[in-house]
Each structure stands twice: as C-alpha cells, then as structure tokens.
Amino acid sequence: MNYELIGITVLWTFLYGYIIVASIDFGAGFFAYYAKIKKKDHIINDLISRYLSPVWEITNVFFVFFFVGIVGFFPAAAYYYGTALLLPGSVALILIGVRGSFYAFNNYGSRNSTFYLFLYGAAGLLIPASLSTVLTISEGGFLKEIDGNVIFLAKELLTSPYSWSVVFLSIVSVLFISASFLTFYADRAENNWARKTLRQFALFWSMPTIVASLLAFISLQMHNPEHYSKAVTEYWWMFGLSLLCFGAASWFIYIGKRYGAAFIMVMLQFFFAFFGYGASHLPYILYPYISFRENVTSDAMAAALVVVFILGLCLLIPSLVLVMRLFLFDTDYVKGKKK
Amino acid sequence: MELDGVMLSRMLTTMTLMFHVIFATIGVGVPVMISFAEFLGIKRNDHHYLVLARRWTRGYTITVAVGVVTGTIIGLQLSLLWPSFMEVGGKVIALPLFMETFAFFFEAIFLGIYLYTWDRFKNKWTHWLLTLPILLGSTASAFFITTVNAFMNTPRGFEIQNGETINVDPVAAMLNPAMPSKVFHVVASSYMTSAAILAAIAAFAILKGRRGHYQQKALRLTAACTFVFSLLTAFAGDVSAKFLADAQPEKLAAAEWHFETEKGADLVYFGTVNEDGEVENALRFPKLLSFLAGGSFDTEVIGLNDIPEDERPPLWIHYMFDTMVTIGMYVMAVTLLFVLMDRAKRRNALSKPLLLGILAAGPLSMIAIEAGWVLAETGRQPWIMRGYLKVAEAATTNDSIAMVFILFALLYLVLGIMTAVILIKMFKNSPAELEIEKRYPNRE
Ligand code: HDD
Ligand code: HEM
Ligand code: HEM
C-alpha cells in the first residue's frame, strides 16, 4: 500500500489543523495585549480567555502530534532537521515554553499583569515566525552536508528574501486568522464592542495577507524555481480557489454579516493554499535530501502507525465534538453566563 | 571529564528530563487523588471533599501547564540532541510515541472540560465521570513513554544487517521484556509521590495551626493513599530488581556494588570503595541481595567482574539506589504509623513530630523519583540502546550546544521559581476556610 502518501497526508493535515488553532491562540495574545494598553481589556480579554482556557493544551498537542509523526513516518527527516536545527529549534522551544506557562500563570494564577501579557503577546508572534523558517529550510539551500555532518547555513537564511517573506506571511496570517475567528466568537457572545473592534482588526489584516502571499510567491520563484513552476502549472487552481475564498471571507466580514461563514472561508482559503503549497513541494520533504518516497519508514511500522491513527481518531473526534459543543456552540457559555 | 558535545548533550538531556519528571509525576498521580476526593464528596455528600477536589485541580492546572511545555521541549529536544538515536529508534519504537500523543489529546480534552464544567451538569456523577478519561490519559502517557525507555534498555523487534535496520516488528519492540516491570514501578511511584506531596501540604496546614475538619480529612485521605501506593511501589521495585538480575545484570551489580558472581550475595548498604576496589564502611545484610534478585537466599547473582570493563556502568549509582530504597521504606513507615495511630483513635496522630515526618515525605518522594531515574538511566551506560548503540555515537554533531544548554538552564530556573510563587500566591489569596464558606454558606 502507499503508506508514504497516507503518512504525509495525515501529517500535513495535522499541521494544517495546528496552523488554524494555533493562529487563533497566537493572535489572541497580541489582541489581548493591545486591548490591555488601550484599557479595553475587560471587554475583549474575558472573551478571549473564555475561548482559550479550555483549549490551549489541545492546541499544543497538535504540534506534538506533528513532530512525533515525522519521527515515526520519516525518521531520516528527523535526523536531518534535528542536526541542523539545534539552535533555531531551541529558540522556538524556549518561546513556546515561556508562552504556554505564562498563559497558565496569568490565567489560572494571578490575573492581569501587563508584563505577562506583553511576553505572551510578543511570543505569540515570534513563535510562528521561527517555526515558519522550518518550511523555508525545506526548500533547500540552507543546509550543507560535509563529511556526513549536516550544517545549517544561518547567514544564508537570515539574508534570504524568501525567508523574510515567509516570516512576514506567517505573522500577518496569524493575525488575520485570529481576528476573523474572534469576530465570529464575539458575535456569538453578542458582545458588540468586542465584535466591532475585532472586525476592524480582521479587515485591517486582510490586505497584508494577500500582499504577503504574493511576495512569498515571487521570492519562491527566485529561490526554488522548480517548486514554483510546479505550483503554478499543476496546482494553480488550488491557489485560485484560495483567492476566491479569501474574497468571500473579506466580503462577509466587510458587510458585517455571517461571521461564521466568513471564518469557514478563511479556513478554506488557508486549506487550499497550504495543500497547494504542500502538494507542489512533493516529492521532497527536505529539498533535495529527503524525499517522501525513499525515506519513508518500513511497511510494518507504517502499517502500525496508520492503524493506531485510525483508532486514535475514533477516540479523538467524538471528544473534540464534545469540546466544541460545550465551549463553542453553547451560547450561554460563550456569553459568560455559565461558569 | 571533558565538556565535549556528547557530555553537553547528556547534561542537557538530564536537566530537561529531571525537570520534566517533577511535573510529569504530579501529572500522572494527582488526577487519581482528585478523582478519589470528588468521589468521596459526592458519595458521602461531604462538601469538604468537593472543595478539596476543586483546590487540588486548581493547583494541578499550573503544574500540568509546565509539564506540557517541558514535555514538548523533550519531545523535540531528543531529535535535536540525539539525531542518530532518533533515526534508528524512530524506525522501531515510534509506535508508542505516536500512541502517547493520542493519550495527551485525550487527557488535554477532558481536563479542559473538567475544569470548566463544575456546576454545569444536573447529575453530580457526570462531572466525576470526567475524571476517568483524565486519569486514563495521564496514566496511558506514562505507560507509553516508559515503554520507549524500556526499549532503550532491552531493544527488541528488529535486526541490523550491514547497517540497515530490517525486519521491524513495532509491537514486539513495544512489548519488550523490560516493559512490564518498568511501567508498573513508574506508575506506582508516581501515584505514591503525588499522594505524598498532597499529604505534605495537608500536614503543613495543620502544623500552621489550621486544624479544621477540612485539613484533617485531607490528611487522612492522602496519608492512607500514600501508604497503599508505597506498598505497591516497593513491590514493583522488587519486581524491577528481579528483572534486572535476569536481563541487565550489570546495572544491578553496579547499583549494589556486587563484584564477584556468587550465591548468597550480601546486600551492601551505602559505604565507600577504597583504592583496591574493596567496600568499606558499609552496612551488610547477609544474603539479602540474592533474595532481592531471585526470591531465594541462595540465588546466584552475577557480579561486575564478569562484565567487560568498557560496559560497566559507573559505581556511584549505588548511592542513588540506596537513597531511593531508604526513602521508600521511610515513607511507608511514617504513613503506616499515622494510619495506625489514627485508627486507634489516639489523639496524638496529629502530634508535631508525626506531622513533620509526613511533611518530609512529600519532597523526599520526589527525590526518590529523581534518584530512581538517574539510577535507571546512568545504569544503562555506556549504552543508549543497550547492545546496539553507544551514547557517544548518538549525540549531535552540532557545536552551538553549550549556549543552548545555558538558555534552557535559565528557562527552567525561571519556570521553577514562577511555578512555586504562583502556587503559593494562589492558595494564600484564597484560604480553604473562606472558599468553603463562600461555596457552602449554609453548612458547618
Ligand atoms: C517514589 C519513588 C520510588 C521509590 C520509593 C522506589 N523507587 Fe525504584 N525507581 C523509581 C522510583 C522509586 C522510578 C523513578 O520510578 C524508577 C526510575 C526508572 C524506573 O523504571 O523507575 C526506579 C527504578 C528502579 C530500579 C531500576 C529499574 C530499571 O532500570 O529497570 C530498581 C531496581 C528499583 N527502582 C528498585 C526499587 C526498590 C527495591 C525500591 C524499594 C522500596 C524502590 N525502587 C523504591
Ligand atoms: C516518568 C516519565 C514521564 C512521565 C510520567 C511523563 C508524563 C507526562 C505528562 C503527564 C504530561 C502532560 C501531558 C498533558 O497533560 O498533555 C507530559 C507531557 C509531555 N511529555 Fe512527558 N512524561 C515522562 C517523560 C517524558 C519523556 C522522556 C518524553 C520524551 C519523549 C516526554 C514527552 C512529553 C511530551 C512531548 C509532552 C507534551 C504533551 C502535550 O503537549 O500535551 N515525557 N508527560
Ligand atoms: C523516551 C524515553 C527516553 C529517552 C529517549 C531517553 C534518552 C536519554 C538519553 C539520550 C540520555 C543521555 C545519554 C545518557 O547519559 O545515558 C538520557 C539520560 C538520562 N535520562 Fe533518559 N530517556 C528517556 C526516558 C527518560 C525518562 C522518562 C527519564 C525520567 C525523567 C529519564 C531520565 C534521564 C536521566 C536522569 C538521564 C541522565 C543519565 C546520566 O547521567 O547519564 N529518561 N536519556
């Protein structure tokens, strides 16, 4: 059976899931800090914490799932990335550590410290920036193999326009995804002031998202023409659909109706772009060293992982539905009437 | 000792794991206690136990958060620091690691629900039922991660031919021989340590003069649980030792300073080794080691001299072993004494020396956990995968590791201090009495 395709699809889907739920979380930190310095925190921040408190751990597990899955399905990729990314990986880890624990300290422990909120908000933008460099590195050109040692070319990364365009794209996308979700959530909570503010955020960040995507495309053409041409010849329709969804989402937010549909459109926008990017990236997981066909794990392990994955989903999906019903679709909870 | 990449990688791994294991242990054991308390509260219609469950849960959210972030760090750090090991290991032992993430999912989801639904269900038992998936999830994650660790000690389920890993059997790798005894001991000791820490907190409150029913009930419940779990832990430790005698004799021999292979081996307690390699200043229990290793006083126990010199673990792990066992015995004794005195309705169960003894049992148990892990991991030296891959061959070739080590040391320092400060503040700002009165104004 074609385990490598199943494996990469599963992992990519979870990474997509992480990008959506984590963006909501990361962006929320930024908005919470913004509201705090504007002294509007009592309105927005209650709303944000009502959504985030029950789910931030689940968000983190999406990430853990992704990297554990890579080690399982593509152990050689773990070897290359592991050797190369000691420094940037550690920095991202420290940021994640600071952010997660400070969230808990602030939220369950002592409330309302501006300093915590600042660290929390800043880390929320730096983490996507540093994690996105892994995708940049996967395009090739930033690693070198000398006598069996994998070396990371930090200077090349820091001076590459492509790398910066990806960083920029990741930050604005986080803010856009987050704002459009929180607008929807504020709308459900019938919290007019929060909805109004968050809607403005969403509109504000929509244009930069598209500009950043275009920049990323252009610089990809310079950096990895092979990937670029595959993206525009074979998968152009994915990116086209993505643009359409973006248009629909912005329209809904602009006319101020159907925020739920708007958020679904945002999810689809990123779905098409992300899978279009991923599909055109194949067969390489790390260009040109690791290809998903040659470096997949043994059939026995892959089969076991797939079986466990299916069993796991049977456990996971009903539980997630339960969480959504209790915290996302329960209007009384969203409005803060239930504790 | 040279501070090369291997040494630094080992130091960083040790530091991260030893920090994580504090929170992981609490994460595995405390849900059990929360579940007990809420169960008693509903069953006996006793609001004290319900408040107890709530307060434990609140503290637990903080420790879980630190457990989650440090766990995330380890998960990635293992690939960053030991890429060769993760490449070989990933081919063979990825299955339980993958299953562990589902256990995390399960626990995280239901913990989220549990925290925010205290008063949401009409039937009180519904909320209690939510403790079961949490408990299951956290114990399952301990199970799966310990399977991986057991695999490092007794690798199974693959063959190596011309440098290639072939005939991989993930299930055989997971159900390796070291797995049952290790899992049993790790889970039992986590339960024991968590109960002991909660007992220490209750004892501390009573020592401070807060001698209400609430504190006394908390102490009775936690001390009794600590005692039962410490029995289980000691039994599991005995099983582990018998397993080592059979499958990893060099680890047991180093832990016991047992040099000559012989029947009727003595158990050496503490002591020192002189230049000629003879044990001095030690307490000797005749033939007890044979009993520990094989269940009879004349079992033959393999000594270190029969192990190739470059495969002997360092001798200092002996102190780790003795520390762990001593603490185990102490905790068992002090909680038994409390339970007996309490049963006998003699009022001095709350006497100051006994309370101080229970107060000490909490931190001591955590020290036993740390000592146990250092024993288990260092006792595997020089191997990272026993018989296949040595530690020195597995470390990263990257050279920025010294700086990374310092960064993480700072992170753990900050996290450790913050956790303590937040927890203390959290409970100081809302004393139990006040909370009871607020939630149950009409009850005594
Ligand atoms: C509260 C903690 C605690 C206590 C009181 C004990 N242990 Fe323990 N011990 C552990 C916590 C622990 C541990 C942290 O769970 C370890 C580390 C790795 C492992 O598998 O379990 C461990 C490892 C460990 C090992 C090495 C297992 C291996 O590497 O495969 C042995 C032989 C024992 N223990 C034996 C004992 C005995 C005979 C005890 C008598 C009371 C005892 N332990 C008490
Ligand atoms: C005694 C040994 C260990 C125990 C009992 C243990 C248990 C736990 C627990 C209870 C959590 C919190 C999970 C949650 O609530 O989501 C956790 C987190 C984690 N642990 Fe450990 N752990 C141990 C050692 C390790 C080791 C050696 C690794 C590395 C492979 C590891 C990897 C992780 C990861 C990745 C997380 C984060 C999961 C998340 O984000 O939810 N643990 N661990
Ligand atoms: C997934 C399971 C685990 C993996 C892959 C793993 C890996 C390693 C590695 C690579 C080292 C460094 C090599 C060495 O010095 O022996 C090490 C050492 C160590 N590990 Fe584990 N470990 C695992 C489980 C655990 C757990 C659950 C703990 C408990 C906290 C732990 C505690 C330690 C300690 C204390 C050391 C230092 C030993 C020394 O001084 O050499 N390990 N481990």
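A residue is taken to surround a ligand if one of its heavy atoms lies within 4 Å of that ligand. The structure described here is a predicted model, and by this criterion 25 residues surround ligand 1. The closest of them are B:Lys182, B:His185, B:Ser189, B:Lys251 and B:Met324.

Ligand 1 contains an iron atom, and two of these residues coordinate that atom: B:His185 through NE2 and B:Met324 through SD, at 2.1 to 2.5 Å. Around the iron atom of ligand 1 there are 6 donor atoms, and the angles they subtend run from 81 to 179 degrees, which makes the arrangement octahedral. The two coordinating residues bring together distant parts of the chain: B:His185 belongs to helix α7 of chain B (residues 179-207), B:Met324 belongs to helix α11 of chain B (residues 317-343), and 139 residues separate the pair. Both B:His185 and B:Met324 are buried.

An N or O atom in the side chain of B:Lys182 is 3.1 Å from an oxygen atom of ligand 1, and a polar side-chain atom of B:Lys251 lies 2.5 Å from an oxygen atom of the ligand. B:His185 takes part here as well, with a polar side-chain atom 2.8 Å from a nitrogen atom of ligand 1. In chain B, helices α7, α8 (213-247), α11 and α12 (352-378) each contribute at least two residues to the shell around ligand 1. By class, that shell consists of 13 nonpolar, 9 polar and 3 charged residues.

The discussion now turns to ligand 2. Which chains supply the residues that surround ligand 2? They come from chains A and B, so the site is shared between chains. In total, 21 residues surround ligand 2, the closest being A:Asn60, B:His20, B:Gly71, B:Ile74 and B:Glu107. The iron atom of ligand 2 has B:His20 (NE2) as its only protein donor, at 2.2 Å. B:His20 is found in helix α1 of chain B, and an N or O atom in its side chain is 3.0 Å from a nitrogen atom of ligand 2.

Two further polar contacts involve oxygen atoms of ligand 2. A polar side-chain atom of A:Asn60 lies 2.6 Å from an oxygen atom of the ligand, while the side chain of B:Glu107 has an N or O atom 3.1 Å from an oxygen atom of ligand 2. The elements that each give at least two residues to this shell are α2 (41-73) of chain A and, in chain B, α1 (5-43), α2 (47-81), α3 (83-115) and α5 (131-153). The largest share, 7 residues, comes from α2(B). The shell around ligand 2 has 14 nonpolar, 5 polar and 2 charged residues.

A:Ser49 is found in helix α2 of chain A and is buried, with a relative accessible area of 16%. B:Ser141 lies in helix α5 of chain B and counts as buried at 7% relative accessibility. The side chain of B:Ser141 reaches the backbone oxygen of B:Ser138 at 2.9 Å.

The only protein donor of the iron atom of ligand 3 is B:Glu377 (OE), at 1.9 Å; B:Glu377 lies in helix α12 of chain B. An N or O atom in the side chain of B:Glu377 is also 2.8 Å from a nitrogen atom of ligand 3.

Technical notes
Residues are numbered from 1 along each chain as its sequence is written. Chains are lettered from A and ligands numbered from 1 in the order in which they are written. This is a predicted model: local features need pLDDT of at least 70, side-chain atom pairs count only at pLDDT 80 or more; totals for chains, interfaces and linings use all residues. Side-chain values use heavy atoms; hydrogens and water are left out. Donors are N, O and S atoms within 2.8 Å of the metal (3.2 Å for Na, K and Ca); water is not among the atoms, so sites may look incomplete. Four donors count as tetrahedral if all angles lie between 85 and 135 degrees; four count as square planar and six as octahedral if opposite donors are over 155 degrees apart and all others between 65 and 115; anything else is irregular. Helices (H or I, at least four residues) and strands (E, at least two) are DSSP runs, numbered from the N terminus. Buried means under 20% relative accessible area, exposed over 50%, partly exposed in between (1.4 Å probe, protein chains only). A polar contact is a pair of N or O atoms within 3.5 Å; within protein, one must be able to donate a hydrogen and the other to accept it, and residues adjacent in sequence count only if both atoms are side-chain atoms. Ala, Val, Leu, Ile, Met, Phe, Trp, Tyr, Cys and Pro count as nonpolar, Asp, Glu, Lys and Arg as charged, and the others, Gly among them, as polar.
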